[in-house]
Each structure stands twice: as C-alpha cells, then as structure tokens.
Amino acid sequence: MTGFRYLPATDEDRKAMLDEIGIADEDELYTDVPEKIRFHGTLNVEKALSEPELIRLLSGLALKNRTTEQYPSFLGAGVYDHYIPSVVDSVISRGEFYTAYTPYQAEVSQGELQAIFEFQTLICELTGMDAANSSMYDGSTALAEAALLSAGSTRRKKIIVSETVHPQYREVLHTYAEGRKLKVVTIPSADGVTDVTRLNREIDADTACVIVQYPNFYGQIERLRDIEEAVHQHKGVKFVVSSDPLALGILTPPGAFDADIVVGDCQPLGITESFGGPHCGYFAVKKNLIHKIPGRLVGETVDEQGQRGYVLTLQAREQHIRRDKATSNICSNQALNALASSVAMVAFGKQGIRELAAQNIQKAHYAAGQLRQKGFTVLYEDSFFNEFVIDLGQSASSVNEKLMRQGFIGGFDLGRRVPEMAGRMLIAVTEMRTKDEIDQFVHALEVIVDAR
Amino acid sequence: MPAEKNQPLIFEQSRKGRTAYSLPALDVPETPVGEWIPADYLRQDEPDFPEVSELQLVRHYTALSRRNFGVDNGFYPLGSCTMKYNPKVNEKVARLSGFNAIHPLQDEQTVQGALELLYRLQTNLEAITGMDAMTLQPAAGAHGEWTGLRIIKAFHGARKDIRRTKVIIPDTAHGTNPASASVAGFDTVTVKSDANGLVDLEDLKRVADDQTAALMLTNPNTLGLFETHIQEIAEIVHAAGGKVYYDGANMNAIMGLTRPGDMGYDVVHLNLHKTFTGPHGGGGPGSGPVGVKKELAPFLPKPLIIRHPDGSYGLDDDRPQSIGRVKAFFGNFGINVRAYAYIRTMGPEGLRQVSRDAVLNANYLKKKLSEDFEMPFSQFCKHEFVLSGSRQKALGVRTLDMAKRLLDFGYYPPTIYFPLIVDEAMMIEPTETESKETLDAFAEHLITISHEAEDDPKTVQSAPHTTVVARLDETRAARHPVLRFKK
C-alpha cells in the first residue's frame with residue numbers, strides 16, 4: 001500500500017513547515033492537549049483499503065441489496081421509483097456545484113444562487129404559493145418546521161394533524177413539538193380521508209395550524225376546499241398542506257385553496273430513492289409569512305454597475321444573525337438535491353410535468369381496476385393519485401415475502417404502522433411500471449392470495 | 001474563455017414546444033381523469049415551467065457552474081467548514097444502484113448490504129469519538145445538535161430533574177448552537193471567553209447551576225484553540241448535574257489524537273460533510289450523526305441499526321425511552337456511504353495523519369501571516385486560526401474588502417466576522433488536503449493585499465474586479481424582496 005493520495009504533504013514539506021513555525025518536533029503543537037486525555041495507540045477503525053479494494057468491498061455490499069432497478073417495485077409510501085432524466089446526474093456531478101458550500105460569497109457563487117432562485121420559482125409555480133425557500137432536509141422536517149412556524153407566528157400551542165399524513169412525518173412532528181411544548185392533536189380519518197366533522201370540532205382559539213397531506217398517505221385526494229373552510233373559519237389558524245410535488249403537475253395546487261404553508265419532498269422529481277436520503281424538503285408560503293420562513297432564501301438584486309445578480313437575503317431570520325431568536329436552527333440544507341430537482345423539472349418542462357403526473361394516475365388506476373377484476377377489494381374512492389389501498393385479508397408482509405420470490409417488490413404493509421390496518425397493502429404505481437409488469441404483479445398477487 | 005457576464009434565467013430561454021425528456025407512450029387504456037378526480041381538484045392552469053431542449057438545458061447549467069466556485073476550482077479556506085477535497089471514488093460508490101436504487105421501506109432481508117454499511121459506519125464513528133452508541137438519522141450538523149439536546153432533555157426528564165432549562169454556550173459559539181437550544185426548548189446562557197480565547201472557568205462556575213441542562217462546546221473551539229482545561233470544564237458542568245455536548249464541527253483537528261469521549265463529553269455530533277468528505281453540495285446535503293455515552297443511549301432516536309446474534313442486520317424500533325424520530329427513514333444515507341468510503345480509504349493511521357497535517361498546515365499558514373496581520377491569540381492553533389484585520393481597518397480597509405480582493409486572486413475567502421468576539425475576524429481553515437505550495441501562494445497573496453491596504457486601498461475597497469458580478473446590493477434585495485421570477 002502506498003501513501004495517502006488525499007494528503008499532499010511530503011516528509012520534506014513537513015520538515016520545512018516545522019522549520020518555518022520554529023519548532024523541531026511536531027508534537028510541540030499539542031502541548032495544550034493534556035496528557036491524560038491524549039489518545040495513544042491505534043483507533044479501533046477498520047483498516048485502510050486501496051481504491052480497487054474499496055470498490056470491491058462497497059460493490060459487494062451494494063450487491064447484497066435487492067434494487068428497484070432489478071425488481072419492479074410497487075412500494076411508495078413517501079419514496080418512489082420515478083424516471084430521472086440522465087442530464088440530472090450529469091449536472092450535479094459538476095465539481096463547481098457539488099464541492100462548493102453555501103453561497104456566502106455571492107460574486108463567485110452566482111451559479112448556485114441563480115440555480116436556487118430558479119428552484120424557488122419552480123416550487124412556487126407547482127404549489128401556487130408566493131415564495132419558497134432553498135430547501136429543507138426532507139419532507140418530514142419541512143412539515144415539522146411548518147408547525148413550529150405556525151406556533152411561533154400565532155403564539156398558540158395546539159397543532160392539529162390529520163391521521164392521513166405520512167406516519168413517519170407525524171412521528172417527526174411529535175419529536176419537534178415536544179421540544180417547544182406544543183400539543184399535537186391527531187384527527188382520525190373516515191373512508192381514507194380526513195374526517196372534516198371531527199376536524200371542525202377540534203379547531204379552537206388555541207389552534208396554531210391544521211396539517212393535511214394532499215394526496216394523503218393512502219393516495220387519496222383530500223378535499224382541500226372543505227378543509228380550508230373549516231380551518232379559516234377561525235381567525236389566524238394556518239392551513240398547512242404537505243404535497244407530493246409531482247401530483248401537483250395535474251392536481252389543483254394547494255395555493256389555490258388558500259393554503260398558508262405548503263411543504264413536501266422533491267424526491268419524486270429527479271432524486272434517487274437512496275434508501276431514504278438525501279432527498280429534499282421544500283417549503284413554500286404566502287406573502288405574509290415570507291419574513292418567518294426557515295432556511296436560506298435567494299433574492300434578486302443588482303451589482304454596483306446595475307447588472308442583475310443574486311444574493312442570500314432576508315438573513316435576519318437566520319441562526320447566524322438571530323442566534324437563539326432565529327426562526328429555525330437550520331444551516332446546511334439539501335442544495336445539491338434541490339439542484340437535481342430543478343434540473344428534472346426543467347427537463348420535464350410544462351408538457352412533461354403534466355404527462356408524468358398523468359401517466360402515474362392512469363397506471364395506478366389501471367392496476368386498481370385489474371385488481372378489482374380479480375376480486376380484490378380496493379378501499380376508498382377512486383380519487384387517488386398514484387397510490388391506493390387493497391385488502392388482502394392476510395399479512396401483507398408475508399405476501400410481500402412471496403412476491404419477492406416471484407421477483408416483485410410489493411407494496412407497503414399498513415399493518416406495520418397501524419394494527420387495525422393489518423392485512424392491507426398500500427400499492428404505488430408510477431410511470432416506471434409497464435403494463436406487462438402490472439399485469440404480472442396482479443397475477444402474482446392473485447396466485448399468492450388464492451393459495452393461502 | 002471567461003464566464004459570460006450575464007446568464008439569462010432558464011425561464012427566459014423558454015420556447016413553446018421544446019422538451020428535454022422522453023417517456024414511453026402510455027401503454028394502458030386511457031380514461032379521462034375527470035372520471036376519478038372531481039373537476040375542482042384538476043389543475044386548470046399548467047405550472048409555468050420552462051420549455052427547453054436537452055442541449056439548452058446542459059449549456060445553461062454548465063454556464064451556471066462556470067459562475068460557481070468549489071473546492072475542485074481552487075483553495076477554499078472557509079473556516080469552520082472544513083472544505084477539504086471530495087474524493088471521486090466516493091461519488092462513484094454512492095451511485096452504485098445497490099445503494100441509490102433501494103427503497104427505505106423494503107423488507108430488512110432485502111437491504112442487508114445497506115444496513116451492514118450503516119452498522120459498520122456507526123461502529124467506526126464510535127471508535128473515533130469514544131462514544132458508546134450512535135444514530136445516523138440527523139441530516140446535518142444543526143439537526144444533530146438539536147437531536148443531542150433533545151436526548152439530554154429526555155435524560156433529565158426521565159430522572160424527573162425538570163428544573164434544567166438552561167444550556168450554556170460560549171460567546172464564540174456558532175449561531176446554530178443557541179438556535180438549536182431554543183428549538184429544543186431551552187433557554188441559553190452565555191459563558192465568556194478569557195484573554196487566551198478559552199472558556200473562562202470562573203465565569204463557567206458562576207453560570208453552571210442546578211438549572212443547567214448542558215454545556216455546548218466545540219474543541220478545538222471556534223477560534224481554533226484547544227480548550228486545554230476541558231477536563232475541569234466537564235467536571236464543573238457534571239458537578240452541577242449537567243451534560244457536556246460536543247459540537248463536532250472541528251473534529252478534523254483531533255482524529256486519533258484525542259477523543260471527545262475521553263475528554264468528558266457525554267454527547268457528540270459529527271458533520272460527515274466536513275470531516276468525512278461529505279461533500280458540501282453547494283449548501284448540503286450534510287449528515288449529522290449523534291453519539292452518546294451509555295447512560296444516554298436509551299434516549300437515542302429510533303429506529304437504531306443493530307446486528308443480530310446470527311450476523312444479520314436489522315432495525316430496533318422497540319425503544320420506549322427514545323426521543324422518537326428526527327427524520328423520515330434513516331438519515332442521509334448517500335452521504336453516509338461516502339463517509340464510510342472515506343474512512344475505509346484512510347484507515348486509523350490515515351485519519352490520524354489527516355488531523356496532524358490539518359494542524360500543521362494551519363500553524364504554518366498562521367506563522368506566515370503573523371507579521372502582516374494581528375493574531376489575537378499567540379498559542380499554537382489546531383486545524384484553523386482566526387486573525388484580526390484591525391491594523392488594516394485602521395487604514396480604512398475592512399476584512400470584507402480583503403475577502404473580496406481574495407476573489408481576484410482566485411481564492412474563495414475565509415469565513416469573516418466570525419467568531420463575534422474578534423474584531424474584523426478572518427477565520428482560516430486550510431485543511432490537510434492543501435499542499436505547501438498552495439499555502440505559500442495564498443499567504444503571499446494575502447500579504448500583497450495587506451500591502452495594498454497601505455499603498456492602494458481603493459483597489460481593495462472596490463474589489464472584486466474580475467468576477468462575473470461586482471459587489472451586490474444586499475440592502476435592496478432585503479428591502480424589496482424578489483424571490484422568484486415573474487414574467
């Protein structure tokens with residue numbers, strides 16, 4: 001094994017540097033580290049590998065995983081197998097983008113700043129909102145931050161969330177809410193959507209916000225109009241909608257239903273599944289909340305010669321200025337994933353975003369129709385996007401094991417989350433699934449369930 | 001060929017009818033969506049996305065990349081951010097389909113390789129930090145800070161020790177420390193630094209009391225100085241009943257040399273995008289694992305990655321005292337793959353050499369600049385140092401001006417005006433991946449700028465002169481926010 005290829009210092013360099021510093025022994029640099037806490041010996045870290053050995057090891061680990069590339073996947077529940085144009089990876093592989101950091105020095109960061117400005121615009125277009133930030137960690141933390149923003153701006157303590165919001169998102173919401181001593185109230189669902197009657201009963205003068213998902217966790221299109229009416233009957237209550245951005249290529253955007261905050265995850269647009277991350281939360285608001293939005297914002301301005309340029313702006317909201325009074329503690333975000341999503345959105349363009357969304361809706365309904373024909377119960381109404389629930393009458397996890405043996409990654413076992421949903425499977429069908437794959441999957445399911 | 005002065009927005013390049021994607025024709029029978037979705041919920045107006053061809057798209061983003069500066073372009077001594085080289089093999093392995101085409105909710109048996117990698121990474125990070133247990137769920141440093149503080153809160157809560165509402169933070173701390181404390185539900189108390197730039201022990205004794213939940217402290221601290229009294233600091237906080245939190249922003253200085261776990265720290269977060277070559281992505285994604293000592297382990301977020309007795313890997317969700325989930329799924333897995341690849345490239349000896357070279361580079365550069373710039377702290381630094389532009393300020397040249405002038409010489413400037421306690425601060429972190437020649441050239445250029453401050457201040461004050469835009473009007477951007485393109 002040779003020297004370390006990331007370390008340029010030669011012994012001669014080190015000697016010359018020590019001479020310049022004026023010490024003979026490098027250890028003199030460490031006299032401020034008390035003997036008692038110095039680490040002697042070798043860290044219990046796995047040994048160094050050469051590049052070919054490293055690739056062999058990691059390729060071996062990668063090969064132990066069954067991928068959605070090898071097996072047609074019907075698994076969604078917040079992360080989806082979608083078409084990603086090849087240009088996306090090409091763009092985000094450019095060192096000028098991925099080896100830079102937050103664009104603090106605007107003059108040499110115009111590329112990143114402009115790309116974010118374009119991302120903010122694309123998110124506004126999709127959601128029907130006035131402003132969007134440069135990204136959040138993911139959809140779950142974006143949702144939690146929306147609750148914190150609502151509580152902070154209304155000075156109220158009660159957060160109402162629908163049971164049809166992604167269960168992991170709700171778990172994250174609970175963790176965030178506990179820190180700020182907020183009370184989270186969960187509204188049950190009726191027929192796969194938020195129970196608006198129960199919601200009406202729960203909203204009161206102490207309510208900071210109402211959070212729903214659109215399409216919701218079961219794939220259903222929540223009736224935002226009815227929910228919005230209930231929410232805004234009470235003065236000041238914020239209406240928060242979490243949305244799969246791809247669905248907004250065909251669905252009326254939440255902004256058109258007077259949502260105050262729209263959040264979600266850009267993974268469906270240009271971001272690989274990557275075992276759940278890094279993905280990219282988005283966060284969009286109406287005008288009156290711009291000064292409260294968490295995270296970085298890019299704004300347009302001019303330079304001394306009057307030429308157009310972009311800067312990080314409204315920084316008085318942020319931790320490096322406001323410290324403990326900041327809107328949020330977020331610092332690093334998901335800029336590279338936001339770039340990936342931007343490139344995908346630009347590649348799709350006006351026509352593609354709609355076609356992509358339309359193919360999802362068509363294929364999912366085709367799959368549901370085929371399953372119904374085979375005698376499966378498809379729950380709830382037909383107003384779903386690319387996911388729906390079927391009742392298997394037996395453990396969805398054990399059905400999934402059998403599906404794997406037939407070469408399919410099955411849907412999400414809802415019983416894993418909610419005991420009363422045992423036997424039910426959430427099936428996602430994206431544009432990536434061909435008719436043949438869907439037909440074979442339906443057939444495999446039929447055989448497995450009949451053979452019980 | 002220099003980058004163009006102006007690059008039109010992608011929206012301004014749009015022509016109706018162009019596309020840059022390709023999908024197969026729909027192969028299932030098409031039904032009017034109105035049969036399923038009520039008309040109110042079907043979008044009437046299309047999102048106004050740009051319409052460009054694939055080559056136009058590529059040219060646009062290539063043009064933008066030419067207007068951006070990363071570590072691959074040149075020296076990027078941005079203090080506290082550890083802008084080291086981002087190995088290419090890391091990018092290659094993170095893109096293996098076995099890692100990027102797996103779904104987080106797949107059956108555990110079908111993702112054994114991913115779980116094994118995470119488990120191995122966890123174990124290595126525990127060894128590097130001297131901690132007993134680790135979560136890889138937090139997505140970035142600040143997210144890790146908040147997670148660590150929530151764990152400390154849960155620990156005190158489980159003991160019914162509910163008076164502990166305060167977190168002590170040094171006046172040199174990064175802004176995320178007080179912000180994270182606040183989001184975690186604590187009030188913050190500031191502890192002063194002494195004349196040597198270290199935590200003032202007397203002040204710490206004054207502020208540490210039975211309301212103290214924790215002290216947050218990087219070591220080396222944000223001045224790049226080793227908190228030599230760290231054991232006493234930990235003792236004071238522990239005696240008051242609080243926990244000691246390690247902000248891992250500066251871990252690059254100490255790998256294999258000393259460990260937070262041995263210094264008396266109870267909770268640690270790491271920035272895998274800094275020390276472990278993440279990369280930085282233009283602002284993220286990061287990854288902010290949190291390690292804890294045994295007594296705090298029950299409170300870690302769930303699920304944890306575990307190794308079963310039969311050698312297989314799995315998820316432990318049955319953790320009744322856990323603070324819960326801090327992020328959907330398992331954190332920024334793709335970044336964790338890169339960090340693991342880096343650790344395996346360096347190994348234990350390599351990681352130690354990383355820190356030793358980082359410290360040597362910083363001290364060398366500091367020495368080279370010490371005649372021309374005010375050095376507020378005389379002791380040896382660790383991986384970074386803070387100089388003061390006070391002499392140049394007296395000549396009418398601010399640190400901001402010098403930073404902007406560095407752009408003309410092809411450098412990304414150091415962190416400026418932080419930490420807050422140093423007048424006209426410039427915080428320089430060279431990292432171990434920069435050669436002596438690079439450091440020599442940088443020192444020479446910065447010294448040239450200090451001479452310019454004397455002889456030709458206008459050139460510095462009006463810098464940069466060579467970038468695609470000149471200094472931008474930030475006040476205008478904030479007063480009249482334009483946050484999106486409109487036709």
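1. For the complex, the predictor gives an ipTM of 0.98 and a pTM of 0.98. Because the model is predicted, local features need pLDDT of at least 70 and side-chain atom pairs count only at pLDDT 80 or more, while totals for chains, interfaces and linings use all residues. Residues are numbered from 1 along each chain as its sequence is written, and chains are lettered from A and ligands numbered from 1 in the order in which they are written.

2. Chain B holds 15 helices and 12 strands, counted as DSSP runs (H or I of at least four residues for helices, E of at least two for strands, numbered from the N terminus). Its radius of gyration, 25 Å, is close to the 23 Å that the globule rule gives for 487 residues, so chain B is as compact as a globular protein of that length; the radius is taken over C-alpha atoms, and the rule is 2.2 Å times the number of residues to the power 0.38.

3. Of the 487 residues of chain B, 60% count as buried, that is, with 20 or more other C-beta atoms, placed from the backbone, within 10 Å of their own.

Definitions and conventions:
A residue is buried if 20 or more other C-beta atoms lie within 10 Å of its own, exposed if 12 or fewer, and partly exposed in between; C-beta atoms are placed from the backbone.
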